[in-house]
Amino acid sequence: QGDLAASGGGSVQAGGSLRLSCGGSGYTSADNNCMGWFRRTPGSSREEVAAIYTGGGPAYYSDSVKGRFTISRDNAKDTLYLQMNNLKPEDTATYYCGAVSGLEFAYDCYSGSWNPMAWGQGTQVTVSS
């Protein structure tokens with residue numbers, strides 16, 4: 001797999017939507033990879049937002065975004081997405097995509113208990129009230 005490239009960040013008002021994309025990696029095409037989105041704000045620790053196992057099964061979402069964000073992938077385009085709806089000011093952060101190949105236990109991805117081995121550059125999301 002290659003490097004990840006994240007894009008799609010921007011500035012929106014509360015209640016708005018954005019879609020982040022992460023492409024060019026080759027991770028979407030295998031069946032035992034985990035891919036996800038993380039975010040970080042200055043002075044805070046990294047938060048895992050969502051994850052998806054390429055072999056199928058339930059996606060992982062943090063409680064803070066559940067019901068508002070949707071993670072998906074397009075194998076033909078080799079791209080991972082994060083659709084973010086009903087954005088809140090507390091969603092303001094730098095968002096990163098991450099991936100790992102050959103994950104031994106799919107449950108680690110389903111439960112958000114995995115560590116990426118590859119990262120994309122961050123994309124800034126700013127939500128104003």
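Reader: Which cysteine forms a disulfide with Cys34?

Author: This is a predicted model, and in it Cys34 is joined to Cys109, with the two sulfur atoms 2.0 Å apart. The torsion about the S-S bond is about 75°, so this disulfide is right-handed. Cys34 belongs to strand E4 and Cys109 to helix H1 (residues 106-110); the pair links distant parts of the chain, 75 residues apart.

Reader: Is Cys34 buried or exposed, and is Cys109 buried or exposed?

Author: A residue counts as buried when its relative accessible area is under 20%. Cys34 has a relative accessible area of 0% and is therefore buried. Cys109, also at 0%, is buried as well.

Reader: How many disulfides does a search of the whole structure find?

Author: The search finds 2 disulfides. Besides the link already described, Cys22 and Cys97 form a disulfide, and their sulfur atoms are 2.1 Å apart. This link is right-handed, with 65° about the S-S bond. Since Cys22 lies in strand E3 and Cys97 in strand E9, the pair ties together parts that are 75 residues apart in sequence. Cys22 counts as buried because its relative accessibility is 1%, and Cys97 counts as buried at 0%.

Reader: What pattern do the disulfides of the chain follow?

Author: If the bonded cysteines are counted along the chain, the pattern is 1-3, 2-4.

Reader: Which residues does Cys97 touch, apart from those up to four places away in sequence?

Author: Among them are Leu4, Ala6, Cys22, Trp37, Leu80 and Trp119.

Reader: With which residues is Leu82 in contact, leaving aside its neighbours within four places in sequence?

Author: The contacts of Leu82 include Leu18, Leu20, Trp37, Val49, Phe69, Ile71 and Tyr95.

Reader: What describes a pair of aromatic rings?

Author: A pair of aromatic rings is described by the distance of the centres and the angle of the planes. The structure holds 3 aromatic pairs. One of these pairs, Phe38 with Trp119, is edge-to-face, at 5.0 Å centre to centre and 65° between the planes. Phe38 lies in strand E4 and Trp119 in strand E10 (residues 118-119), so the pair ties together parts that are 81 residues apart in sequence. Phe38 counts as buried at 2% relative accessibility, whereas Trp119, at 33%, counts as partly exposed.

Reader: Which residues do ring pairs link into a cluster?

Author: The cluster consists of Phe38, Trp114 and Trp119.

Reader: Finally, how is a sheet to be read?

Author: Strands of a sheet pair through backbone hydrogen bonds, either parallel or antiparallel. In this model, an open sheet of 4 strands has the order E1-E3-E8-E7, and the pairing is antiparallel. Strand E1 (5-7) and E7 stand at the edges, and each has a single partner strand, so one side of each is left without a neighbour in the sheet. On average, neighbouring strands of this sheet are turned by 15° against each other, direction ignored.

Reader: Over how many bridges do E7 and E8 pair, and which residue in E8 stands opposite Ser72?

Author: E7 and E8 pair over 6 bridges in the antiparallel sense. The residue opposite Ser72 is Tyr81 in E8.

Note on methods:
Residues numbered from 1 in each chain as written. Predicted model: local features only at pLDDT ≥ 70, side-chain atom pairs only at ≥ 80, totals over all residues. Heavy atoms only, no water. Contact = heavy atoms within 4.5 Å. Disulfide = S-S within 2.5 Å. Helix = DSSP H or I, 4+ residues; strand = E, 2+ residues; numbered from the N terminus. Buried < 20%, exposed > 50% of the residue type's maximum accessible area, 1.4 Å probe, protein only. Phe/Tyr/Trp six-rings, centres within 6.5 Å; stacked < 30°, edge-to-face > 60°. Pairing = 2+ DSSP bridges. Axes fitted to C-alpha atoms, helices over the stretch in contact; angles between N-to-C directions.
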